[in-house]
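Dear colleague,

A written account of the findings accompanies it.

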Amino acid sequence: MQDVIFFLSKHILLISIWIFCFIAAVFFITRTLLSKSKMINNFQAIKLINQDKAIVVDTRSLESFKEGHILNSINVPLKNIFLGKIKEIEIYKMFPIILVLSDTYKVNACIKKFFKYGFNRVYILKNGLYYWKTDNLPLIVNDK
């Protein structure tokens, strides 16, 4: 017991850093587990689309949407979501929603809006369409 007390008294800074890291890790793990939304990869998204009939909501601009989007995705620009103009997707409240975002810094605000509008199962496609293209998954391109 004396050795432990001696170690603690000689290494207060080390112990403080360790305790801080431990508390931070517990906080972030708990926050992730209790979060209503979840970041998913491409293959999890495909599984949700095929098995649970998930709806893909592309929040990019119309121009970006026309350059390439996931099959059957619905384009609702981010500004419309924040303004509450989501009539075209309100009928899908019972289905899982997969969000394709280009502005990753607005993820939390966007998710809060979807929960406010009554959507319960909201997923975010990790890295948007960047990894979708990297994995050579199909995109629909609208001619201009």
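The following paragraphs set out what was found, beginning with the conventions used.

This is a predicted model, in which local features need pLDDT of at least 70 and side-chain atom pairs count only at pLDDT 80 or more, while totals for chains, interfaces and linings use all residues. Residues are numbered from 1 along each chain as its sequence is written, and side-chain values use heavy atoms, with hydrogens and water left out.

Domains. The chain is divided into domain 1 (1-34) and domain 2 (37-140), with bounds that come from an automatic or database domain assignment. Their C-alpha centres lie 39 Å apart.

The sheet. Five strands form an open sheet with parallel pairing, in the order β1-β5-β4-β2-β3. Helices (H or I, at least four residues) and strands (E, at least two) are DSSP runs, numbered from the N terminus, and two strands pair if DSSP finds at least two bridges between them. The edge strands are β1 and β3 (74-75), each of which pairs on one side only. In general, strands of a sheet pair through backbone hydrogen bonds, either parallel or antiparallel.

Strand β5 (residues 122-125) deserves a description of its own. V122 and I124 point one way from β5, Y123 and L125 point the other way, and all are buried; buried means under 20% relative accessible area, exposed over 50% and partly exposed in between (1.4 Å probe, protein chains only). Strand β1 (residues 38-40) runs parallel to β5 and is joined to it by three bridges, with M39 standing opposite I124. Strand β4 (residues 97-100) also pairs with β5 in the parallel sense, over three bridges, and there I97 has V122 as its bridge partner.

Aromatic pairs. The structure holds five aromatic pairs. Among them, F27 and F28 form an edge-to-face pair, at 5.2 Å centre to centre and 70° between the planes. Rings of Phe, Tyr and Trp (its six-membered ring) pair if their centres lie within 6.5 Å; planes under 30 degrees apart count as stacked, over 60 as edge-to-face and the rest as tilted. F27 is partly exposed, with a relative accessible area of 47%, and F28 is partly exposed at 46%. Another of the pairs, Y130 with Y131, is tilted, at 5.4 Å centre to centre and 50° between the planes. Y130 is exposed, at 57% relative accessible area, whereas Y131 is partly exposed, at 38%.

Residue I140. I140 is found in the segment after α7 (128-134) and is partly exposed, with a relative accessible area of 32%. Not counting residues up to four places away in sequence, I140 touches G68, H69 and L71, where contact means heavy atoms within 4.5 Å. The C-alpha atoms of I140 and S73 are separated by 9.4 Å, although these residues are 67 residues apart along the chain.

The second largest pocket. This pocket has a volume of about 220 Å³. Its lining includes I46, I49, N50, I70, S73, W132 and P138. Both α3 (42-52) and β2 (55-58) supply at least two residues of that lining, and α3 gives the most, with three residues. On a 1 Å grid over the protein atoms alone, a pocket is an open set of points where a 1.4 Å probe fits, with protein on both sides within 12 Å along at least five of seven lines; lining residues have an atom within 4 Å of a point.

With kind regards

Conventions:
Points joined across faces, edges and corners; volume = space filled by probe spheres on them.
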